[in-house]
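Please find my notes on this model below. They are set out as numbered points.

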Amino acid sequence: MRCPRLLLGALAHALFSAAAAHAQTPTGSITGRVVDSTSQQPIGNVNVVIDGTGRGAVTRSDGGFLLRAIPAGSYRVRAARIGFVAQTHEVTVAAGAVATVQFGLVTAATTLTELVVTGYGTQRREAITGSVSTVSADEANVGQVTAPTQMLQGRVAGVSITQNNGGPGAGVQVRIRGGTSISASNEPLYVIDGVPINNTAVEPTSLGQNNSLPRNPLTLINPTDIEAITVLKDASATAIYGSRGANGVVQITTRRGREGRPELTYDTYTGWSSPSRRLDVLDGDEYRAFVQGEVAAGRLAQTRLAALGSDNTDWEQALLRTAGTQSHNVAFAGGAANTQYRGSLSMFDQHGIVLSSGLQRLSGRINASQRAMDNRLRLGFNLNTSQVKNDYVVSENTGGFTGTVFTNMLIMNPTQPVRVTDAVTGVERFYEIGTGAVPVRNPVAIAEQVNDDGISRRTLGNATVDFDILSNLTAQINAATDRSNGVRSAYYPKISPLGASTNGDALIGELSNTTNTLQTYLTFHGSLAAHSVEVLGGYEFNQYSTVSSNLEAQSFITDAFSYNNVGAGAVLQSGFVGSGRSDSRLVSFFGRANYGFKDRYFLTAAVRRDGSSRFGSGNKWAVFPALSASWLLSGENFMRGGPFSELRIKGGYGLNGSQEISPYSSLITLGTGPRASFGETGVVGVSPNRNPNPDLKWEQTAQWNVGVDYGLGGGRYTGSLEYYVKNTNDLLLTVNVPQPAVVADRLENIGSVRNAGLEYLFDARLLSRADLDLSLGLLGSVERNSVVSLGKTAFITSGGVSGQGQTGQMSQRIMPGYALGTFYGPEYVGVDAQGRQLFAKYDVQKDATGATTGRTRNGETLTPTANDYGVIGNANPNFSLGGRGQLRAGRFDASFLVRGVFGQDVLNNTALVYSTKGNALQDKNFLKSALTDPIGITQPAIFSSRWIEDGSFVRLQNVTVGYTFTLPVAWQRGHTTRVYVSGDNLLMKTSYTGYDPEAFTSSGLASRGIDYLNYPNPRTVLLGAHLEF
Amino acid sequence: MPTSFSRSIRLAVPALLAVAMVVTPQGCTDLAESPFSVITPDNFYRNDDEVRAGLAAVYSQLNTASTGNLRYLNQIPADDEVIPVRGQDWFDNGAHLEAQRHTWQAGSPLALGTINSAWTQNFTGVARANVLLNAIQDLPLANKPRTLAEARLLRAYFYYNLMDLFGGVPIVTDVEVAARARETRAATYAFIEKELTEARNDLPVTWPAADYGRATKGWVDAMLASLYVNAEVFTGTVTASGLQKGPPQWQKAIDAADRVLSNTSYRLTADQAANFRADNNTSPEIVMVSARRPEAGLSLNFISNSLHYNQFSPSPNNGWSVEPPTYRKFDPEDKRRAAILEGPQFNIVTAAPVNDRAGVRLNFTIDIPDITQATEGNGTRMYKWPFDPARTGTNHGNDYAIYRLAEIYLIKAEALNELGRTAEAIALVNLVRARAFSPPKPLATSLTQAQARVAIFDERQFELIDEGKRRTDQIRQGTWLAASWNKSADVPFSVLMPIPQSQVDANPLLEQNPGY
């Protein structure tokens, strides 16, 4: 591959000559004003664009706009804004003159923006041939939004957002049209102001005994800075991002300054979060009664009574709390004709509903743009910097075997107090069942005593240069850097049972990520008669670098140092001490052509050639093409006068890839690690830690998309229906390799997965009067996922079950013909007279080759074996729905968002392990449901269909009520203040018995639908205000 | 009316733009990977220290393989030990019950878990040895023949375990990851014999103290003695109807044993327990060793498996127990029985009496009435490797003897008895028994050959219980398939373990063992 220097050199040359040639062209200007046709009030922030040129401006708050240096001639000028029907006017520009054009816009039901960010540029909504959805921050930034991903929840069809748990800043699983990959990432590509973001963890994740999942790296973006989020869903839309587009693309556009009077706004809210559901365990009285009863019945030893205290502690209540959140955000924006700027500063402080957990963010953002050379040169600059402090609990995402907060919250003896006064010293301390490393620990003490904190800093900056070489040829450069540094520190004090056996344990992990990006591209716009063309071509370079280091020491003289003086620990843990660095690069050439004919027929072709250093030597490069088309039927004469104000059909096909694997995956590498003892000394061994795979290549996803967009009742009702099929081939899959091999498995391109789905969207503007607006929206999606092939592998077990006595127990199988997330286990049929669990017993018929040909039920068994295992559930929903409404009546406004997911199964791993009366044999508490359960006290917990629950739910996600007015003070003249009350997660209807059916526990390859001791989901109510100055 | 400012912008900006666009990042299309914190074999194994580090990685796999899943499979399915389900503990997918009852299949939890790990742990050792052997083949290194011999011996050890558990396996000496067919068990046996014999020439008799734990000629001879005494089984053929024995190699076993016995640096310790304590690196009885340190990743931790939660800190897991008939088989006067904890229990460090979690004095009973719902105190416990006073957490530094001189005596005794030299055999057994009884309780010299055979196998169990030998012994003795405590009479093909289904999936050329 040749370097693109020559291409760029030629570009630069063209630029010079164009600059020289420019002076001769005679130009004029266009000016005007945009108002609401009903109220005659000015509308700001309207995109005013000259068709076919890409030239445009945004209206000021007084509705005015100015377009300068327009070559003399006739033009069609369009004005478009969210919530309004676009309008086009003809205008003629004469050399040296100012042409005036006025727009009176009519409100529309649609919530789609008119100019849509499509990657390396924008496109008019009508011209888009792929599947693209846009969410306006004005509408979606309601309630307590910690990270921008929350704004997509329930608002975009085909996008499923599962927050890992209810912890502050919890990570999310974002799936656009379903997860297609098994071993590689299924997360979409995030693009902020044109810069693709490396969305990997910014802080070391699991540290020491805290096996937590990463928190959401996007918490570093302040949601108030966001203008809109655009989701590119199908391959024809994402093909321009090639190798990173297979899981969809989420494009975040931030707010910017506008020409006109400076604006100063202050946004604030205060919120209160409380636990939304409870896991019912026995209280002190119930536990005492149970133990006394069992002792009397001879099923528990007499000595059990000695462990009973006289207290009545609700450990769940002791550990959980009503927690406060506050948010402050100041922004100023403004600008003159050629210079615009916006700056913002925010502080966000969220306390978690579990003691000693929280998140605190400070962020600042500044952007500026400058026009020069009669608007031929446009310079832009964005800088975002933020600091997030994370306070973790042990362990907020998984239970762990013993020791964690949530495990002990369930099992800690409820007849014992939280705190006791020491009989000897008179000092109050936490109650523990004994001294040292006791097996059951006081969960409140763990939360209070263990320090586990993270601090991340991230700076994201980019500079853009747009230059019109000719009036229809623009060169653009976007140079960006994204640097993050996260330090996670933990200390397990010797006073805690968790730190007692190590005499205090301090750990520090540091992670630094750097991504440098350079994009250079040329855009050509042209139109001739009824034909319009836009062609884009460019080059992009991304360099990723990760550096990490770890430190651990134990045996501290005192707990007073916490993690701040690791050197005070007598024993350095060499097994954890270490450092690492990895780099990778992605080099790309891309092009896109949009063709429109008569504003009715549109065609888009895109191609991207990507080279990634992460793949095998012969497979580093791949080409990702796409083609799509749409036809605006309602523009045809034969449709005129029909019911449809808009009717469009569209279809497309494209190929995407995934490069989300770790660097060096194709190489045989040696690492340090296993040691041997030579002469009573540990000698560090160096050995291969990866099997080479020189054939490793891209995972490829081919996607078909067909759809209809419609508008009825003169635009009062709009909607769309889309169907897609995604076939992912050459899956990046970690599979066992033939032995001997240095490690058991390696990443190979094996097998395929198919996703197909239907998405439906309907918006209605039911009322639209000057003082009364009511709109409703409904969206639904159905998605079917199926593993087509795993190569020669028959199945892969996954979804490891957590808890005591569950070692090696797997709950899911990935196998051809079934969806990812298929539960596999024995069928529970009941309990025998002795209180033992019974399972369906099967005989298996096999053919001569040993392949299973059938199963027949044959009675019952106490100990299910391989033959008795079968499919017992599916973690994927049958369908999901979202509904929202917005009402504006005079000065009042109100909105709601409801989400429902139906037909998915959830493994209630928490109930599986903690619904065991046998816990009482060890002075441990258990879930109240076990009291009425016929299973005997001596029985172990066995995974079976009994613990697979229906996880369907309907959740009232948000309700907001606001009131807008002008304060009777001088500084607010011409501005407004809005106050509001907002509630998140107010109601949930579900038959699921755990905290929340929408939970994620990471337990193996592509596992989903497992709930184990997750951080509970809060219910939040907040009071907020928006002030303009 | 351009000002001078806009004139200068007009010139400067395109110039800057041109520079920015032309100066693209260096190597703009160079996609070669540059590893930093990992290295590739091409830039390693360049000097003695690096080769030593490469060897250490192979030795570390000896540690993993010797006391990991191999030991489990030699003890739980055999009549040494049992892991009963205790309340919520130790159900673990039913795998331990499967092991006890011999109900495993190629795709069952035991096969996909423990058996699969035994397969990969030993083959990983083979692969690590192969990487080293191939990398240094053409390099000029001091001590190269000795290094090659160490790696070949270790590779032969891993193959020995694989052959013992699975029969014939693919024999691989290159580093390519590829599907390959199985060799016959006899061919695998022949490969091991050849490798060991050739490696012996370049290995030292002893190492300086700074290298204790590395392979010697004694390791080879001990492995060969064990290989030959099992020759009938190892060179036999297994079909669905059972084992067809191959020819015996009794004299070769005696010769190999004699080479160990004639080395005066090996001798029986006066107290058998000295071979298991944390200072057992000084024991002259240990012939082949997996050396340990009280550090994470290098340690021995059998205490966690067997002792009760309250007997030690950090808390053990209260699992493995001795099968009641095996405990009862011990002569009450046999000092070796003292390594099995029975009756009221104490904290093993402080000797303070301990209670179970119900608060009742912990008492290990001989009997386990129901292995699917045992109590905390059911079953006696092996405590052969006492805690290390210098331990860190659960990490103990006791070395693990793969072969001890006592076993070499018993191998020779067994071979002599098979050759009809029963009196000589009984004399050797009595040599081993001498330290176990005071006053001495030797075997009667009047035993017939058949009686002596039973006595020798029993003696092996008394002497070697918990040392990862019993499955192989029971197969050789012919007691493996018989019905026994909590186990029905077995299918005849279970003398070999199934190839785990996951391995058959990964390598379609692997033919499953007959019957599975």
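1. Two bridges link strand E43 (residues 810-814) and strand E44 (residues 822-826) of chain A, and the two strands run antiparallel. Gln812(A) has Phe823(A) in E44(A) as its bridge partner. Strands are DSSP runs of E, at least two residues long, numbered from the N terminus. Two strands pair if DSSP finds at least two bridges between them.

2. The model is predicted: local features need pLDDT of at least 70, side-chain atom pairs count only at pLDDT 80 or more, and totals for chains, interfaces and linings use all residues. Residues are numbered from 1 along each chain as its sequence is written, chains are lettered from A and ligands numbered from 1 in the order written, and side-chain values use heavy atoms, with hydrogens and water left out.

3. In chain A, an open sheet of four strands has the order E42-E43-E44-E48, with antiparallel pairing. Its edge strands are E42 (796-800) and E48 (869-874), each pairing on one side only. From one strand to the next the twist averages 45°, with axes as lines fitted to C-alpha atoms and angles running from 0 to 180 degrees between N-to-C directions.

4. Now the interface. 104 residues of chain A contact 91 residues of chain B (heavy atoms within 4.5 Å). About 8,200 Å² is buried between the two chains, and carbon and sulfur atoms give 62% of that. Buried area is the accessible area (1.4 Å probe) lost on being put together, summed over both parts.

5. The rule finds two salt bridges across the interface of chain A and chain B (a side-chain nitrogen of Lys or Arg within 4 Å of a carboxyl oxygen of Asp or Glu). Glu680(A) forms a salt bridge with Arg293(B), with the closest N and O atoms 3.7 Å apart.
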